Amino acid sequence: MTIVYDATHECVSIVVDRAISRERLTRILDTLNATRGLPEVIRTDNGKEFCGRAMLSWCHGRVGKLRLIEPGKPNQNAYVELFNGRLRDECLNENWFTGVLPLEVEHRQL
């Protein structure tokens, strides 16, 4: 999972794991809130971790709006889709991984 600020195009968090639970997602967002603050709008795809009650409850009172892109419309989140594709092509596909260990990279300009 990558978290990218639209305004600056800065990747503020990359989380690598097989699956990210709703509760872990809200912990990651709490960490970002404590260190960087939160935007007025959060835009996400329709992954199950973003559409659940935990995310909606977390957003209530913290974030002005939660916007989900329409299914099958990645162009509504074009910069993040482009960033993820380039990260995959230029970094992940160039390396050999023998397993997946939980890894969080935060607060680095990529």
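Helices (H or I, at least four residues) and strands (E, at least two) are DSSP runs, numbered from the N terminus. The model shown here is predicted, so local features need pLDDT of at least 70 and side-chain atom pairs count only at pLDDT 80 or more, while totals for chains, interfaces and linings use all residues. Residues are numbered from 1 along each chain as its sequence is written, and side-chain values use heavy atoms, with hydrogens and water left out.

Q: What pattern does the chain follow along the sequence?
A: The chain has four helices and five strands, and when these are read in order the pattern is β-β-α-β-α-α-β-α-β. Just after helix 1, Gly37 takes a positive phi of about 85 degrees.

Q: What does Cys51 count as, at 36% relative accessibility?
A: Because its relative accessibility is 36%, Cys51 counts as partly exposed. A search of the whole structure for disulfides (pairs of cysteine sulfur atoms within 2.5 Å) finds zero.

Q: How much of the chain is buried?
A: Buried residues make up 31% of the 110 residues in the chain.

Q: What makes strand 1 and strand 2 a pair?
A: Two strands pair if DSSP finds at least two bridges between them. Strand 1 and strand 2 have four bridges, in the antiparallel sense, and the bridge partners in strand 2 include Ile14 for Thr2 and Ser13 for Ile3.

Q: What lies between strand 1 and strand 2 in the hairpin?
A: Four residues lie between these two strands, and His9 is in the turn. The phi of His9 is near 60 degrees, which is a positive value in a residue other than glycine.

Q: Which residues touch the most other members of the largest nonpolar core?
A: A nonpolar core is a set of buried Ala, Val, Leu, Ile, Met, Phe, Trp, Tyr and Cys residues joined through side-chain atoms within 4.5 Å. In the largest one, which has 15 residues, Ile3, Val12, Leu25, Leu29, Ile42, Met55 and Trp58 touch the most other members. Strand 1 (2–5), strand 2 (10–16), helix 1 (22–36) and helix 3 (53–59) each supply at least two residues of this core, and the largest share, four residues, comes from helix 1. Apart from this core lies another, of six residues, among them Val4, Ile14, Val80 and Phe83.

Q: Which residues is Ile3 in contact with, leaving aside its neighbours within four places in sequence?
A: Contact means heavy atoms within 4.5 Å, and by that rule Ile3 touches Glu10, Cys11, Val12, Ser13, Ile28, Leu29 and Leu32.

Q: Why does the span of helix 1 agree with what it should be?
A: The expected span of a helix is 1.5 Å times one less than its number of residues. For the 15 residues of helix 1 this should give 21 Å, and because its end C-alpha atoms are 21 Å apart, the two values agree. The buried residues of helix 1 are Arg24, Leu25, Thr26, Ile28, Leu29 and Leu32.

Q: What do the buried residues of helix 4 pack against?
A: In helix 4, Val80, Phe83, Gly85 and Leu87 are buried, and the buried residues of this helix pack against strand 1 and strand 2. Helix 4 (residues 78–90) has 13 residues and reaches 18 Å from its first C-alpha to its last, close to the 18 Å expected.

Terms used. Buried means under 20% relative accessible area, exposed over 50%, partly exposed in between (1.4 Å probe, protein chains only).
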